[in-house]
Amino acid sequence: MAIDVWFPLAIYYTDLTNHSEYKNAFLERIHTLREQSGKQRTTESASWTGDVHRIDQIHNDPAFAWVTEQVELHSLIYLKTLGHDLSKIDIYIQRSWPIIATKGQYVARHAHHTANLSAVYYISIPTEGYAGQTRFFNETRQNELSSGIGSNMTEGYSEFNPLNFQQANYDPVEGRLLLFPSKQMHDVAANETDEERVTLSFDLVLTAKNSEDCATPEFLMPSPEHWKRVTQILPETDTETALAGLNT
Ligand SMILES: [Fe+2]
């Protein structure tokens, strides 16, 4: 017999050498940014995330130049490994932000819907106890023959193996850079230790390479260098007319 396994999800990770040289400077800068970010908008059980506190430009901050370069380099390797023709695309770091999780804090299940490729860099990880894994969820469940059979309510599998895994968990490792497709649902489990877990997230976007002399391939976003921002302002009277039309 034979079983072929098709359509794998590709999660990339690498352990960056020299990471410890940058750790303290990153932590100091992140705590300064947090202090400057104003009132906390996240709940007590949620990690503090820079993106919802207007701290989302780590890639433009000279203090993080080294890690930003690493994200760029390893994104190119990841894309090349996935078979992308790098001559056809431009890659932009769109948004990047720090995350601080103290005891009991987690990151709820989500995907990064505005991006194509996302990265996590683990700056500082508690050394004792469970610091919280990054967990990717198998939403397509291509081999699940009866919907929900693997759930806690049914426990229909006698074992979990590469053909029926419902999630893939990654331990946080200091100095590790993790890359994944942005649309992949994931969360980060609660930090159960007394120390902080501090990470960075990056969202990257792929576009067609900026080119004046050829049309944009259909399934790539056109280069933003050719975009035109809509600058017209809708007159109040037009809005009223349109709303009146909806009500009739
Ligand atoms: Fe995320």
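Q: Leaving aside neighbours within four places in sequence, which residues is H59 in contact with?
A: H59 is in contact with T68, I93, Q94, R95 and S96. Contact means heavy atoms within 4.5 Å.

Q: Before we go on, what kind of model is this?
A: This is a predicted model, where local features need pLDDT of at least 70, side-chain atom pairs count only at pLDDT 80 or more, and totals for chains, interfaces and linings use all residues. Residues are numbered from 1 along each chain as its sequence is written, and side-chain values use heavy atoms, with hydrogens and water left out.

Q: Back to H59. Where is it found?
A: H59 is in the loop between β2 (48–49) and α2 (65–81). Those labels come from DSSP runs, numbered from the N terminus: helices are H or I with at least four residues, strands are E with at least two.

Q: Is H59 buried or exposed?
A: H59 counts as buried, because its relative accessibility is 16%. Buried means under 20% relative accessible area, exposed means over 50%, and partly exposed is in between (1.4 Å probe, protein chains only).

Q: What does the side chain of H59 make a polar contact with?
A: The partner is the side chain of S96, at 2.7 Å. A polar contact is a pair of N or O atoms within 3.5 Å. Within protein, one atom must be able to donate a hydrogen and the other to accept it, and residues adjacent in sequence count only if both atoms are side-chain atoms.

Q: New topic. Which residues coordinate the iron ion?
A: H110, H112 and H186 do, each through NE2, at 2.1 Å. Donors are N, O and S atoms within 2.8 Å of the metal (3.2 Å for Na, K and Ca). Water is not among the atoms, so sites may look incomplete.

Q: How are the donor residues spaced in sequence?
A: The spacing is H-x1-H-x73-H. H112 and H186 link distant parts of the chain, 74 residues apart. H112 is in the loop between β4 (107–110) and β5 (117–124), while H186 is in strand β9 (residues 186–188).

Q: Are H112 and H186 buried or exposed?
A: Both are buried.

Q: Now zoom out. How many helices and strands does the chain have?
A: The chain has 3 helices and 10 strands. Along the sequence, the pattern reads β-α-β-α-β-β-β-β-β-β-β-β-α.

Q: How many residues does the chain have, and what share count as buried?
A: There are 248 residues, and 38% count as buried. The C-alpha atoms fill a box of roughly 65 × 55 × 45 Å along the principal axes.

Q: What about contacts between residues at least 6 apart in sequence?
A: Of those, 83% join residues at least 24 apart.

Q: What lies 2.9 Å from a polar atom of the Q105 side chain?
A: The backbone oxygen of E44 does. Beyond four places in sequence, the contacts of Q105 include T43, E44, W48, I100, N191 and R197.

Q: Is V173 buried, exposed or partly exposed?
A: V173 is partly exposed, at 27% relative accessible area. V173 lies in the loop between β7 (167–170) and β8 (176–181). Not counting residues up to four places away in sequence, V173 touches D15, Y122 and I125.

Q: Last one. What is the phi of F7?
A: F7 has a positive phi of about 60° although F7 is not a glycine. F7 lies in the segment before β1 (12–15). F7 counts as exposed, because its relative accessibility is 65%.

Q: And what about R54?
A: Phi of R54 is near 60°, a positive value in a residue other than glycine. R54 sits in the loop between β2 and α2. R54 is exposed, with a relative accessible area of 76%.
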